[in-house]
Amino acid sequence: MKELGLALGGGGLKGLAHIGVLQVLAASGIPVGMISGTSAGSLVAALYASGMSPLQMEKAALSLKPSDYLDYNVAGILKVLVGFLVPGHETPLDGILKGDKLEQLIYRLTGGKSLRDVKMPLAIIACDIDTGREVIFTNRDLKGAAEDTVIIQDALLSEAVRASCSIPATFVPFDFQGMHLVDGGVRSMVPVAVQKLLKAQYTLAINLGQESYNTPVEGIPQIIGRTLNILTYETSATDQALLADLAVYPGVTGVKLDDLDRAEEIIRAGRRAMREKMPELESGLR
């Protein structure tokens with residue numbers, strides 16, 4: 001069989017669907033040779049590469065509370081309010097969520113492992129918001145990467161995931177080695193291109209963004225979120241069309257960052273979507 005490269009796309013809490021995809025692959029006896037992830041996909045990719053099974057991931061997800069990973073930037077918000085009231089004290093707000101709890105959660109779930117501790121070829125995508133350059137956290141030498149791409153091989157998995165999950169205007173950017181890192185979806189929402197650098201023989205893309213925008217948005221957070229979704233998924237469309245051998249769309253819609261009551265539903269959607277594509281995947285791998 002061809003060696004399977006799995007590219008897990010971003011999409012907030014919809015990323016729980018990746019767990020269902022991995023469960024179907026495991027039940028079908030199809031090994032994952034290398035894995036890449038963006039944003040929520042980076043979280044699942046890091047857990048899988050660190051040795052956590054898909055069933056263990058589901059158990060962990062179902063035990064979570066929003067307060068386990070959402071930490072509001074209260075101090076930053078208060079400083080902004082003070083700036084409105086006191087002339088000369090204007091302070092910019094870099095994000096609504098600090099991201100510290102998310103980083104601590106991943107550190108615990110991965111056992112504090114670093115990129116160098118992981119045997120499976122792994123790539124996690126982020127973006128330096130100051131320069132616009134793509135940043136790839138990886139445990140492999142990526143020959144053929146673009147000259148302006150930043151390759152990082154010395155970092156904790158929790159640091160890589162924290163960077164990749166930093167949704168602009170939602171999470172405070174992650175400061176790392178002099179860079180301000182934000183969500184990898186700004187550069188590659190479904191990280192299929194890096195699979196070629198990892199030498200995947202067959203690339204399976206899991207795209208969480210195929211949805212019809214038939215519901216109205218209200219308020220700044222929803223407007224920003226919808227705008228980013230449209231822009232970032234369009235950015236990855238060409239790469240996916242050219243470089244992915246097969247794409248799976250779990251088709252989960254309308255999920256907010258704290259919608260953990262929908263966790264089982266989202267994981268089931270991943271299983272269902274992957275099962276429907278199994279005949280095509282098995283044929284392609286042979």
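**Inside the fold**

Tutor: Cys165 is buried, at a relative accessible area of 8% (buried is under 20%, exposed over 50%, partly exposed in between, with a 1.4 Å probe and protein chains only). Bear in mind that this is a predicted model, where local features need pLDDT of at least 70, side-chain atom pairs count only at pLDDT 80 or more, and totals for chains, interfaces and linings use all residues. Residues are numbered from 1 along each chain as its sequence is written, and side-chain values use heavy atoms, with hydrogens and water left out.

Cys127 is buried as well, with a relative accessible area of 2%. Cys127 is in none, and its nearest cysteine sulfur, in Cys165, sits 14 Å away. Seen from Cys165, the sulfur of Cys127 is the closest one, and 14 Å is too far for a bond.

Now the packing. A nonpolar core here is a set of buried Ala, Val, Leu, Ile, Met, Phe, Trp, Tyr and Cys residues joined through side-chain atoms within 4.5 Å. The largest one has 72 residues, and Leu25, Ile35, Phe137, Leu204 and Leu281 touch the most other members. Helix 10 (residues 263–285) is its biggest contributor, with nine residues (helices are DSSP runs of H or I, at least four residues, and strands are runs of E, at least two, numbered from the N terminus). Take Phe137: skipping neighbours within four places in sequence, its contacts (heavy atoms within 4.5 Å) include Leu115, Leu122, Ile124, Ile152, Phe176 and Leu181, along with several alanines, among them Ala155 and Ala163.

The buried ones include Gly41, Val44, Leu47 and Tyr48. The loop from strand 2 (32–38) into helix 2 holds Ser39, which has a positive phi of about 55° without being a glycine. Ser39 is buried too, with a relative accessible area of 4%. After helix 2 comes Gly51, also with a positive phi, near 115°.

The largest cavity has a volume of about 400 Å³, counted as the space filled by probe spheres set on points joined across faces, edges and corners. Its lining has 24 residues, with Gly12, Leu13, Leu16, Leu43 and Leu102 nearest the centre. Helix 2 gives the most to that lining, four residues, while helix 2, helix 3 (54–62) and helix 5 (100–109) each supply at least two. By class, the lining has 21 nonpolar, three polar and no charged residues (Ala, Val, Leu, Ile, Met, Phe, Trp, Tyr, Cys and Pro are nonpolar, Asp, Glu, Lys and Arg charged, and the others, Gly among them, polar).

For contrast, here's one from the outside: Lys199, in the loop between helix 8 (193–197) and strand 8 (202–206), is exposed, at 57% relative accessible area.

Note on methods
A disulfide is a pair of cysteine sulfur atoms within 2.5 Å. On a 1 Å grid over the protein atoms alone, a cavity is a set of points where a 1.4 Å probe fits but cannot get out, and a pocket is an open set with protein on both sides within 12 Å along at least five of seven lines; lining residues have an atom within 4 Å of a point.
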